[in-house]
Each structure stands twice: as C-alpha cells, then as structure tokens.
Amino acid sequence: ENKSSTITGRQAMMEGPADDAPGSGAPAAPHTTSAEDQANVARLKARLEETAEKAAAATAEAAASTSATTTTTATETDDNARATRNRTEDDANAEWRQIPSVEIAPGAHKYVQITAMTPADPPQTRTFVISKRGAQYHANVAEPFVYRLENAGYTDIRVKGGGRINYMPDVRVISIFGYSYGFGLADHKLSKEIMQKDGRYLGYAIEWSNEGY
C-alpha cells in the first residue's frame with residue numbers, strides 16, 4: 001500500500017537525517033543533475049545494453065549448438081550427472097550468491113534499483129536495492145554495484161530507476177521516496193517488498209512515496 005498520504009510517512013522523510021545532517025557522515029548532496037551526470041548515465045546505459053545484446057547472442061549460439069548434439073552414451077550421462085552435482089556444490093558458495101539484495105546506508109541517501117540475471121543454471125532474475133552514503137548522483141551509486149555484479153558473473157544488468165532511502169535504524173523506520181533525473185523513477189513498492197523479505201529489517205516500518213526528490 002502506498003503510504004505517501006500518511007503523516008508517519010511524511011515525518012519519516014522530513015525528520016530523518018538528511019545527506020548533510022549532523023552526524024550523518026555524508027556531505028551535502030545537491031538536488032540537481034549536471035551535464036556530466038547525464039553523460040555518465042547515458043554511457044552506463046549504453047554499455048549495459050551492449051553487454052546484454054552480446055550475452056543474448058552467445059546464449060542463442062549455445063542453444064543452437066546443444067540442439068545439434070547427437071545421442072549421448074550412458075557413460076557420458078553419468079559424467080554429466082557428476083559434473084552437475086559438483087557445480088551444485090560449488091554454486092552454493094559462489095560469489096554471486098554472497099551479494100545481498102539490499103545494501104542501504106543509515107541516513108537519507110540516493111538509491112537505485114537494479115535487476116540482473118544470475119549465473120545459475122537456469123538463470124533467474126534478482127532485484128537489488130542499493131543506497132550509498134555521500135553519493136552526489138545516482139550514477140555514483142549504480143556504477144560501482146554494476147561492476148560488482150559483472151565481476152560475480154551476473155548478466156543482463158539493468159538500472160531500473162532511483163530515488164532516495166531514509167534509513168533510520170534507531171527508530172526502525174525506512175522511508176523510500178523520490179526519483180532519479182538520469183535513471184527515472186524506481187518502483188518503490190517493489191523496493192519495499194524486497195526489504196520486507198530481508199530478515200535484517202524485520203519489524204521495521206517501511207513506507208514509500210513517489211513524491212519528493
């Protein structure tokens with residue numbers, strides 16, 4: 001449910017520590033974009049689109065090659081089964097699994113919502129909610145995390161949008177609001193749902209609104 005009309009939600013946005021609030025540990029973040037920011041966003045989007053196209057082409061080629069494979073012997077079947085078991089055991093501790101779906105910094109900071117395909121077999125889509133202390137622009141939040149996902153083997157990475165998250169652990173309140181000039185408006189309701197599935201935020205009042213910046 002959208003809590004933008006509730007008093008509590010507005011208080012969470014207005015009363016929580018801002019980027020430049022005393023004790024927040026973050027410098028003031030300008031409420032604007034810039035030509036440099038827009039160029040960085042465009043460059044990141046173009047790179048991710050190119051990478052996704054190459055990955056899709058490689059997947060299609062691999063599927064075509066598999067369909068052209070002839071019959072498999074019993075020995076080959078056993079070998080494949082053992083290889084699958086080994087991959088499953090290795091996969092349980094794989095680096096890509098160690099990346100949490102939510103990484104947010106205490107205080108009010110810019111955040112982005114990112115989707116990516118896991119390197120599992122079969123691959124699955126994961127959605128990440130990331131905020132970063134002191135980030136001047138949303139691209140400063142997105143780009144380092146995108147590289148982290150790429151290094152862990154994720155593919156088809158997309159920055160779906162952004163906004164701000166005011167994370168107040170002392171009072172167990174999280175407020176999600178605003179938008180990104182470069183990446184657009186994130187699905188704040190989905191961000192809330194992802195947080196609710198994370199045991200670290202059990203018992204938190206999590207509210208969202210499309211208002212504000």
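# Notebook: burial, salt bridges and backbone angles

I began with Asp 198, which counts as buried at 14% relative accessibility. The cut-off I used for buried is under 20% relative accessible area. The model I am reading is a predicted one.

**Entry 1: the partner of Asp 198.** I looked up what the side chain of Asp 198 meets, and found a salt bridge with Arg 200, 2.6 Å from N to O. Arg 200 is partly exposed, at 46% relative accessibility.

Entry 2: How many salt bridges does the count come to? I get seven by the rule in use. I wrote down some of them.

I took Lys 54 and Glu 50 next; their side chains form a salt bridge with an N to O distance of 3.4 Å. Why are they separated by about one helical turn? Both sit in helix α2, residues 35-67, and they are four residues apart, so about one helical turn lies between them. I then checked how open each one is. Lys 54 is exposed, with 56% relative accessible area, whereas Glu 50 is partly exposed at 43%.

I then turned to Arg 148, which makes a salt bridge with Glu 103; the closest N and O atoms are 2.8 Å apart. Which parts of the chain does this pair link? Arg 148 belongs to helix α4 (residues 138-151) and Glu 103 to strand β1, and the two are 45 residues apart, so I noted the pair as a link between distant parts of the chain. I found Arg 148 partly exposed, with a relative accessible area of 31%. Glu 103 is partly exposed as well, at 26%.

**Entry 3: Asp 156.** I came to Asp 156 for its backbone. Its phi is near 50 degrees, which is a positive value in a residue other than glycine. I located Asp 156 in strand β4. Is Asp 156 buried or exposed, or in between? I have it as partly exposed, at 31% relative accessibility.

**Entry 4: Arg 172.** I found another positive phi, near 60 degrees, at Arg 172, again a residue other than glycine. Arg 172 is in the loop between β4 and β5. For accessibility I noted 39%, which makes Arg 172 partly exposed.

**Entry 5: a cis peptide bond.** What kind of peptide bond joins Asp 121 and Pro 122? I looked at omega, which is about 0 degrees, and recorded the bond as cis. Pro 122 is part of the loop between β2 and β3.

**Entry 6: helix α5.** I went through α5, residues 188-196, to see which of its residues are buried. They are His 188, Ser 191, Lys 192, Ile 194 and Met 195. Why do these residues lie on the same side of α5? Around the axis they cover an arc of only 160 degrees, and this puts them on the same side of the helix.

I also asked what covers these buried residues. The cover includes strands β1 (102-103), β2 (107-117) and β3 (125-131). It also includes β4 (155-168), β5 (173-177) and β6 (205-208). Two of these names were already in my notes: β1 holds Glu 103, and β4 holds Asp 156.

Methods
Residues numbered from 1 in each chain as written. Predicted model: local features only at pLDDT ≥ 70, side-chain atom pairs only at ≥ 80, totals over all residues. Heavy atoms only, no water. Buried < 20%, exposed > 50% of the residue type's maximum accessible area, 1.4 Å probe, protein only. Arc of directions from axis to C-beta. Contact = heavy atoms within 4.5 Å. Salt bridge = Lys/Arg side-chain N within 4 Å of Asp/Glu carboxyl O.
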